[in-house]
Amino acid sequence: MTGEVAYDAAAQAEVLESTSRARPGASVDNAPHLQEAPDQVRGAGGCHAGAAEMEAAARSAGQSDILDQYAKDYPQGPHDKPQSMCPAFGSLRVGLRMRRVATVLSGSACCVYGLTFVSHFYGARRSVGYVPFNSETLVTGKLFEDIRDAVHELADPDRYDAVVVTNLCVPTASGVPLRLLPDEINGVRVVGIDVPGFGVPTHAEAKDVLAGAMLAYARAEIEAGPVRAPIGGTSDRPTVTLLGEMFPADPVMIGRMLDPLGLAAGPVVPAREWRELYAALDCGAVAAIHPFYTAAMREFTAAGRPIVGSAPVGHDGTAAWLSNIGDAFGLPAEKVAAAQNAFLPAIKSALAATPIDGTITLSGYEGSELLVARLLIESGANVPYVGTACGRTPQSQADRDWLEARGVRVKYRASLEDDLAAMEGVKPDLAIGTTPVVQKGKELGIPSLYFTNLISARPLMGPAGAGSLATVVNAAIANKARMDRMTEFFEGVGAGDTAGVWEGDPNLRPDFRAAHRKKLDRAAKAAKAAEMI
């Protein structure tokens with residue numbers, strides 16, 4: 001597929017948004033195949049087996065192709081993987097945010113409970129389907145039959161465009177073959193994906209697993225013949241598809257910056273409804289705002305769409321991005337210069353009007369950490385360290401080069417230990433990071449901000465993003481005196497297992513600690529001996 005998408009003119013009627021607004025929970029319509037099982041699988045070494053054991057089981061069950069592709073798409077660092085939430089939360093969230101899409105999980109009950117809890121905590125208003133299992137149904141193959149039956153029950157074309165089925169760790173390790181599910185039932189698409197914690201490093205990259213699978217399905221539909229146009233219609237201008245979740249105002253601002261080029265902002269991938277995938281593939285170029293969407297980029301490349309890295313962030317980033325977009329569309333240099341002249345002065349003025357004065361360490365697992373660091377530096381901040389849980393890709397190289405040219409240490413696949421070591425070594429005026437980084441920073445009396453809720457939930461692009469961080473960042477830095485007073489007030493109350501106010505000295509029981517340490521050492525030696533055998 002290298003040409004334009006053919007839309008079916010006879011199928012333009014708007015599809016109403018799914019009316020499925022069932023109570024939060026782990027069942028859909030009380031279907032018999034989606035009820036909670038009384039017991040939980042202990043196959044593949046159990047759901048508490050280590051990553052190496054789970055991966056070995058998956059490979060022996062015929063899942064090597066999937067795991068090899070994940071290893072290629074999401075290469076890991078020297079350590080096992082960054083410490084973040086279950087990666088399946090990323091793909092689950094993508095599915096739950098789409099209209100007319102049902103989501104079904106197959107995994108250990110504790111995992112499904114945690115995933116549904118956190119998804120509803122973040123505002124999901126859809127039920128999450130759950131196909132339970134036990135050791136018998138897992139070993140005999142009955143679990144696959146239950147999944148297939150559940151999908152058949154859900155496949156109602158009046159309610160759904162697609163059903164997404166996700167294997168978590170144990171079903172993946174046991175080789176439950178979602179690839180054998182039918183591609184569609186009653187006109188409802190069926191998309192099966194495996195998102196094991198031992199194969200996908202972060203929840204950010206799990207979003208790419210589902211986005212890539214959906215784009216592959218949509219691309220096959222386009223190649224087979226005309227498809228239905230998106231509900232919002234199609235643009236009369238060439239479009240730029242935006243890759244990566246972002247603040248709602250950012251696509252609007254990007255569209256304004258593309259307007260002088262005679263271009264328009266296309267859909268954002270991950271999409272919010274199925275037919276947006278057709279429009280996303282029907283673009284002139286793809287802007288990899290978040291550079292880790294490897295599977296999605298593979299589908300766009302197969303469709304013949306050029307991919308532009310980085311993003312219009314700050315003065316330098318916007319200038320370079322507009323130039324690269326112009327090159328991708330073969331636009332005249334003077335047209336690109338006119339667009340740059342229309343926005344760069346406003347960005348420079350906004351940065352000058354809202355300066356940031358302080359040293360900041362930055363880390364996170366959203367994938368936009370390098371972009372935020374660029375914006376902070378252009379605002380005047382000193383940023384000696386940037387850590388991201390995501391992997392290095394060619395699309396992030398321009399941001400990495402820009403940062404390293406300004407003395408920033410960029411760490412891909414950063415572990416919690418990397419981020420804490422940087423914060424403790426630099427002793428910044430502000431630490432921006434994940435929850436444990438913020439917790440440790442406050443323990444040390446360092447003002448700290450949670451990246452996901454307080455930084456990435458703000459506009460970053462163009463003139464709107466230029467001054468968006470200064471208020472919250474400067475306010476946090478100004479809290480240093482208050483942090484010092486709090487540290488002084490709580491001085492002497494203890495830390496860790498001695499935290500709190502004690503009438504006498506806390507009873508530490510070092511003998512218990514030593515006995516437990518010996519038990520752990522014996523277990524480690526036994527495991528090592530078993531590996532040698």
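I take contact to mean heavy atoms within 4.5 Å. Axes are lines fitted to C-alpha atoms, for helices over the stretch in contact, and angles run from 0 to 180 degrees between N-to-C directions. Helices (H or I, at least four residues) and strands (E, at least two) are DSSP runs, numbered from the N terminus.

The model is a predicted one, in which local features need pLDDT of at least 70 and side-chain atom pairs count only at pLDDT 80 or more, while totals for chains, interfaces and linings use all residues. Residues are numbered from 1 along each chain as its sequence is written, and side-chain values use heavy atoms, with hydrogens and water left out.

**Entry 1. Overall counts**

I noted 22 helices and 14 strands in the protein. Of its 533 residues, 51% count as buried; buried is under 20% relative accessible area, exposed is over 50%, and partly exposed is in between (1.4 Å probe, protein chains only). I also looked up the contacts with a separation of 6 or more: residues 24 or more positions apart account for 75% of them.

**Entry 2**

I traced an open sheet of five strands with mixed pairing, in the order E2-E1-E3-E5-E4. Two strands pair if DSSP finds at least two bridges between them. Strand E2 (129-130) and strand E4 (184-185) are the edge strands, each pairing on one side only. Inside the sheet, E3 and E5 run parallel and are joined by six bridges. I found Ala162 opposite Arg189 in E5. Helix H8 lies across E3, E4 and E5, at about 140 degrees to E5.

**Entry 2. H8 against H11**

I recorded this pair by angle and distance, since two packed helices are described by the angle between their axes and the distance between the axes. The axes of H8 and H11 cross at roughly 20 degrees and come within 7 Å. H8 and H11 are therefore roughly parallel to each other; angles under 35 degrees count as roughly parallel, over 145 as roughly antiparallel, 65 to 115 as roughly perpendicular and the rest as oblique. From H8, the residues Asp208, Gly212, Leu215, Ala216 and Arg219 meet Thr294, Ala295, Ala296, Glu299, Phe300 and Ala302 of H11. By class, this contact has six nonpolar, two polar and three charged residues. For the classes, Ala, Val, Leu, Ile, Met, Phe, Trp, Tyr, Cys and Pro count as nonpolar, Asp, Glu, Lys and Arg as charged, and the others, Gly among them, as polar.

In helix H2 (residues 64-73), I listed Leu67, Tyr70 and Asp73 as the buried residues. Seen down the axis of H2, they fall within an arc of 125 degrees, so they line one face of the helix; the arc is that of the directions from the helix axis to the C-beta atoms. Asp65 and Lys72 are exposed on the other side of H2. The cover over the buried residues of H2 includes helix H1 (51-60), strand E5 (188-194), helix H8 (203-224) and helix H11 (294-302).

Helix H3 (residues 88-96) has eight of its nine residues buried, so it is largely enclosed by the rest of the structure. I checked the list: Ala88, Phe89, Gly90, Ser91, Leu92, Val94, Gly95 and Leu96. These buried residues of H3 pack against strand E1 (101-106), helix H4 (109-121), strand E3 (162-167), E5 and H8.

**Entry 3. The parallel sheet**

I traced four strands in an open sheet with parallel pairing, in the order E7-E6-E8-E9. Strand E7 (264-269) and strand E9 (307-308) stand at the edges with a single partner strand each, so one side of each is left without a neighbour in the sheet. E7 pairs with strand E6 (residues 239-243) in the parallel sense, over four bridges. Val240 is opposite Ala265 in E7. Helix H9 (residues 249-258) lies across E6 and E7, running at about 150 degrees to E7.

Thr239 is in strand E6. At 10% relative accessibility, Thr239 counts as buried. Leaving aside neighbours within four places in sequence, I found Thr239 in contact with Ala264, Gly266, Asp282, Cys283, Gly284, Ala285 and Phe329.

**Entry 4. Other items looked up**

Asp327 lies in helix H12 (residues 314-329). Asp327 is exposed, with a relative accessible area of 58%. Its C-alpha atom is 9.6 Å from that of Val308, 19 residues apart along the chain.

Strand E10 (residues 359-364) pairs with E11 in the parallel sense over five bridges, and Gly364 stands opposite Thr388 in E11.
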